[in-house]
Amino acid sequence: MSSSSPQARRGNTRQRIQDVALELFAEQGYEKTSLREIAERLEVTKAALYYHFKTKEDIIISVFEDLTRPIDELIDWAERQPRTLEMKREVLRRYSEAMAAGAPLYRFMQENQATMRELSIGETVKRRLFTLVELLRTEDGPLADQVRCVSALFTLHAGMMFLQHVEGDPEETRQAALEVATDLITQAHQAS
């Protein structure tokens with residue numbers, strides 16, 4: 001069980017604060033949620049909450065850092081690999097898994113885009129996406145193949161963000177999006 005799963009996170013006060021804050025941000029919006037409301041939901045004093053986090057921004061930044069660490073590790077790994085089809089498939093697979101593990105955060109980011117632009121983490125997200133695009137893109141390939149490579153990455157985002165309300169198992173939806181993304185990467189490489 002990964003340390004970011006809700007079950008593994010429950011015993012840790014800092015992580016419980018993060019989980020409850022994300023729940024409230026999803027229910028009420030980031031701007032409308034106060035530290036007092038987070039403390040009340042946790043059944044702790046505001047002082048106890050303040051011991052761990054001074055602001056809502058501190059909470060969301062800590063969630064972001066914790067849940068996106070696997071993406072940083074993936075980028076570090078991929079930058080050391082030759083740009084083969086197998087490497088790109090592995091990047092897509094691991095990125096898909098990281099997005100699934102951080103689903104509440106990615107939903108928060110999608111639903112609070114204005115807030116994301118204001119927070120310091122907005123630029124980090126953008127930088128990571130551009131890095132992933134460059135790792136997946138076919139260098140010097142035809143433009144259509146470069147579009148396929150970029151589309152592969154955003155197919156995973158579409159599966160997470162826009163198909164979340166489709167009936168069925170979220171894991172099946174994630175696997176279907178990964179299959180389509182892998183098909184796009186493979187097609188781009190076969191043509192190149």
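## Aromatic cluster

Phe 25 and Phe 108 are both buried, a term that denotes under 20% relative accessible area, with exposed meaning over 50% and partly exposed the range in between (1.4 Å probe, protein chains only). The model is a predicted one, in which local features need pLDDT of at least 70 and side-chain atom pairs count only at pLDDT 80 or more, while totals for chains, interfaces and linings use all residues. Residues are numbered from 1 along each chain as its sequence is written, and side-chain values use heavy atoms, with hydrogens and water left out.

Rings of Phe, Tyr and Trp (its six-membered ring) pair if their centres lie within 6.5 Å; planes under 30 degrees apart count as stacked, over 60 as edge-to-face and the rest as tilted. Phe 25 counts as buried because its relative accessibility is 2%, and Tyr 30 counts as buried at 6%. Between Phe 25 and Phe 108 the ring centres are 5.7 Å apart and the planes stand at 45°, so this pair is tilted. Phe 25 belongs to helix α2 (residues 13-28) and Phe 108 to helix α7 (residues 103-111), so the contact ties together parts that are 83 residues apart in sequence. Through these ring pairs, Phe 25, Tyr 30 and Phe 108 form a cluster.

## Overall architecture

The chain contains 11 helices and 0 strands; helices (H or I, at least four residues) and strands (E, at least two) are DSSP runs, numbered from the N terminus. Along its principal axes, the C-alpha trace spans about 60 × 35 × 30 Å. Of the 192 residues in the chain, 45% are buried.

Glu 43 has a positive phi of about 60° although it is not a glycine. Glu 43 is located in the loop between α3 and α4 (46-52), and its relative accessibility of 74% makes it count as exposed.

## Nonpolar core

In soluble globular proteins, nonpolar side chains tend to be buried together. The largest nonpolar core here has 56 residues, of which Ile 38, Tyr 95 and Phe 108 touch the most other members. Such a core is a set of buried Ala, Val, Leu, Ile, Met, Phe, Trp, Tyr and Cys residues joined through side-chain atoms within 4.5 Å. Two or more residues of this core come from each of α2, α3 (35-42), α5, α6 (85-101), α7, α9, α10 and α11 (170-191). The largest share, 10 residues, is supplied by α5.

Several helical residues illustrate burial and spacing. Met 99 lies in helix α6 and is buried, with a relative accessible area of 2%. Its C-alpha atom is 8.6 Å from that of Ile 71, a residue 28 positions away along the chain. Leu 105, in helix α7, counts as buried at 0% relative accessibility. Leu 105 and Arg 148 are 43 residues apart in sequence and, C-alpha to C-alpha, 26 Å apart in space. Leu 132 is part of helix α9 and is buried, with a relative accessible area of 1%.

## Charges over rings

The charged end of Lys 54 sits over the ring of Tyr 50, 4.6 Å from its centre. Arg 94 lies over the face of Trp 77, at 4.9 Å from the ring centre. A charge sits over a ring if NZ of Lys or CZ of Arg is within 6 Å of the ring centre and within 35 degrees of the ring normal.

## Largest pocket

The largest pocket holds about 510 Å³ of space. On a 1 Å grid over the protein atoms alone, a pocket is an open set of points where a 1.4 Å probe fits, with protein on both sides within 12 Å along at least five of seven lines, and lining residues have an atom within 4 Å of a point. Grid points are joined across faces, edges and corners, and the volume is the space filled by probe spheres set on the points.

The lining comprises 22 residues, with Met 109, Met 116, Val 125, Lys 126 and Leu 129 nearest the pocket centre. Helices α5 (56-79), α7, α8 (113-118), α9 (121-136) and α10 (143-161) each supply at least two lining residues, and the largest share, 7 residues, comes from α9. By class, the lining has 12 nonpolar, 6 polar and 4 charged residues; Ala, Val, Leu, Ile, Met, Phe, Trp, Tyr, Cys and Pro count as nonpolar, Asp, Glu, Lys and Arg as charged, and the others, Gly among them, as polar.
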